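Thanks for coming, everyone. I'll keep this short. Please have a look at the structure first.

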Amino acid sequence: MRLLNRTAGRLSRHRRGPLAGLVVLLLGLLISGSLYTALAPAQADTQASETEQVAHGKKLFLASCAFCHGKNGEGIPTVRDGYQIGPPLAGVGAAAVDFQVGTGRMPLTQPGQQAPRKPVVFSQEEIDALAAYVASLGPGPAIPDESDYSIEGLSEEERQEAISRGGQIFLTNCTACHNFNGAGGAMPRGGYAPNLHDVEGKHIYEALLTGPQQMPNFSNGNLTPEEKRDVIAYLGSIRETPEYAGFTLGGLGPVSEGLFAWVVGIGGLVVGSVWIASHTTRSKKSKVNA
Amino acid sequence: MSSDSRLDTSKVATTNGTTAATASKPGRAGSLATWADDRLGLATAMKKNLRKVFPDHWSFMLGEIALWSFVVLLLTGVFLTLWFNPSMGHITYEGSYDQLRGVGMSESMASTLHISFDVRGGLLMRQMHHWAAMIFIASMMVHLLRVYFTGAHRKPRELNWVIGCLLLLLGTLEGFTGYSLPDDLLSGTGVRAADGFLKATPVVGTYMSFLLFGGEFPGEAVIPRLYIIHVLLIPGILLALIAAHMLLLVYHKHTQWPGPGRTEQNVVGFPMLPVYAAKAGGFFFMVFGVIAIMGGLMSINPVWKFGPYDPTKVTAGSQPDWYMGWPDGLLRIIPSNWESVIFGYTISWNVMIPILIVPPLMLVLLMLLPFIEGWITGDNRDHHLLQRPRNAPTRTGVMVALMTFYGLAWAAGGNDIIAIKLDLSINQITYFMRVAIFLGPLVAFWITRRWCISLQRHDNEKLLHGYETGIITRSPEGQYAERHLPIAEKAAYTLTARDRDEVLSVEAGADSAGVPAPGSRAQRLRARLSEWMHGHNVQKPTAAELEAAHHHAEHQAELQSGLDHPVDGHDFDDHRLRDADEVPLREH
């Protein structure tokens, strides 16, 4: 009874009637009992399928990832200090797997400065299984829900605000590497910030959350989930806005503009001057003798 | 003049051939012209200039691209000034471009967006103005190369060369000030860099920066100041220098390529009216058309994507326009730790060398090129006949070396774009450039000079032995030889219409007591440079050599005589088309 009273006391200090503890206990039993009845079969199913998914993911992992990341995702260091064949994966979370495998960066086909984006080799189901397995190694960021990175649910005005706010966040945090147009840029020693033109919103969100490769990690304390969503909204909006000015010439800034000024502009006009110089303005030859 | 081609004067005067002609009543245009002539004296001025003769060659029109793109710049620039507001006053953008609505920015940025999205034709005008600026400076450089490679910078045109170099400098400054005006992220980054360059100047750096910005960067003064420099100060000087450049062109008369009938004393070509007025006028429309097409179809400086300038922001691919690219490239490849501290002050060699020292030095060198060459050759004659680049191998080599230096520095300015587009490491590009910037020009000089000299030899071969016909003959002994035929007399004249190069030697180096003559040091240097410049050149054959070669050719022809038809390549084999009933084929 002491135990009972203590438990009840924790629940509420102000209702310490003699039967209060018993009532609370009964109520708790009733609620948990009915909840269990309502949810138990489904929960058991999920439990089973999650275990299955993790097992399936582990199989895929052993076949495709373990060579570099180790059989338990513990990572494989090289003899050289601080260098790894593959980094440990405990704690990277499902979001990192969904990004790396979902954009084709993993599995890596050859070592290099950076894992390039390439055609995806796993189905979404397999990616989910891999993600579930890696997530089971340690807690990490989960795969975001569509509501996290989409502005579908907002009103027209809120969307408009989200886009212009996202643009300013993008210019402050992202363009230094990814360029004003999201066309990408160079990083030291052969690395590069990739082009963002056809990257899915989900993958951008995951990249911000997990900081793949040379990219810094934009934690939720750094960029709130709403700010991440706004950046994605801005990128979507410039993708959808027609190019008012014509061909973007790669959207790379003054270097490609200079190239076109020389090739098309000067090149075209030199051809023009050759053409003009090789033609006379006279329409009739007979006038030459006049 | 034969009678059938006599001038038909019936439209302007009547005559029966025996009495003096009486002028018919002038038409409406004619009387207007008379009215103007009575008051302005136009006829006297025009009589000479309308018939002024210009020689014809495509490369003489390159400078015209610059002139016409400048006209396009004036026209589009005036349009832009009607809406542009050069103010750094802070406002919130409320225009048509969705992504920036509600964002705070300067009035100059907001008015640039207004021109781009809310003024009819404004974006086209902005883009045409920018493309025209790129083409203006590019065509000045191409024109400069043409002038130098053909020797048109020699006496009496040295000063016009200097004016041209000043135009190039002013065009670049004009471009930079214009590029800075919208106050967008990219141009703001450029202005910030310029502020850094000013501050890198020892002693006076900070003062100069404070003077330009009216205090600490960025302040509120810089955009209005750059604006007045851009629309009034530099265009005024540019116009005056362009006028001087063209007046000197008329005064000196245009250079021409050598050829039969062309001398240092005449100009062979077509008159201003009607030929050149039509050609130049037509070319204006062509330049205008190309710029309009580019402005209409190709995006340039999309400021709405950069957003307003904010010192906390920067974008990858922050480069200046192409003409400022080469100092930027030098800045990118210079080791960043090149600094020294003197009396507690940091001297930033890593900024001074690529920005404050090398570019002005290169400009001075460019301006001095004709004077240096004039001093080395000691040539005091006027030159109106052009030289082919191959006939001045050292000069051609020097310019190709300068171009290589420029090109490498230029490429270094786009190192990040090269890295991502060609999958290279930006660091390795930098290491390569640090070596190539020194070795490249030397290699380019050597290759170009040897190439020119080979071409000179080839010209001499053509003069002495004729051109290669492609006809291979086999002698009865089985020896194969290619038949050469003499080149046309006109072509031979053109090839030989050049001066022999003289290698200067030191006159009276020292007297009998071994005391060097005054000024002989400079003379010795000059003799050495003269040897370096002309010593390797191949000179044209002498008259005696040509004579001997022709005798030889005639002798050859005699050996192959008996031909009563032009050579067609089947004279000495048996493959001529023939009728079957003619002489049967030889059997062998």
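In which hand of crossing does α5(B) pass α10(B)? The crossing is right-handed. Left-handed would have the near helix turned anticlockwise from the far one by less than a right angle, and right-handed has it turned clockwise.

Some ground rules. This is a predicted model, where local features need pLDDT of at least 70, side-chain atom pairs count only at pLDDT 80 or more, and totals for chains, interfaces and linings use all residues. Residues are numbered from 1 along each chain as its sequence is written, while chains are lettered from A and ligands numbered from 1 in the order in which they are written. Helices (H or I, at least four residues) and strands (E, at least two) are DSSP runs, numbered from the N terminus.

Back to that pair. Helix α5 of chain B covers residues 122–149, and helix α10 of chain B covers 272–297. Their axes are 8 Å apart, at an angle of about 125°. Axes are lines fitted to C-alpha atoms, for helices over the stretch in contact, and angles run from 0 to 180 degrees between N-to-C directions. α5(B) and α10(B) are therefore oblique to each other. The scale: under 35 degrees is roughly parallel, over 145 roughly antiparallel, 65 to 115 roughly perpendicular, and the rest oblique.

Who touches whom? On α5(B), the residues include B:Trp131 and B:Ile135; on α10(B), they include B:Ile291 and B:Gly296. Contact means C-beta atoms, placed from the backbone, within 7 Å. By class, this contact has eight nonpolar, three polar and no charged residues. Nonpolar is Ala, Val, Leu, Ile, Met, Phe, Trp, Tyr, Cys and Pro; charged is Asp, Glu, Lys and Arg; the others, Gly among them, are polar.

Next pair. Helix α6 (158–180) and helix α13 (349–377), both of chain B, cross at roughly 170°, and their axes come within 9 Å. So α6(B) and α13(B) are roughly antiparallel. B:Trp161 and B:Cys165 are among the α6(B) residues in the contact, with B:Met367 and B:Phe371 among those of α13(B). The classes here are nine nonpolar, one polar and one charged.

One residue on α13 of chain B: B:Val364. Buried or exposed? B:Val364 is exposed, with 10 other C-beta atoms within 10 Å. The cut-offs are 20 or more for buried, 12 or fewer for exposed, and partly exposed in between, with C-beta atoms placed from the backbone. The C-alpha atoms of B:Val364 and B:Cys165 are 9.0 Å apart, across 199 residues of chain.

Technical notes:
Contact = placed C-beta atoms within 7 Å.
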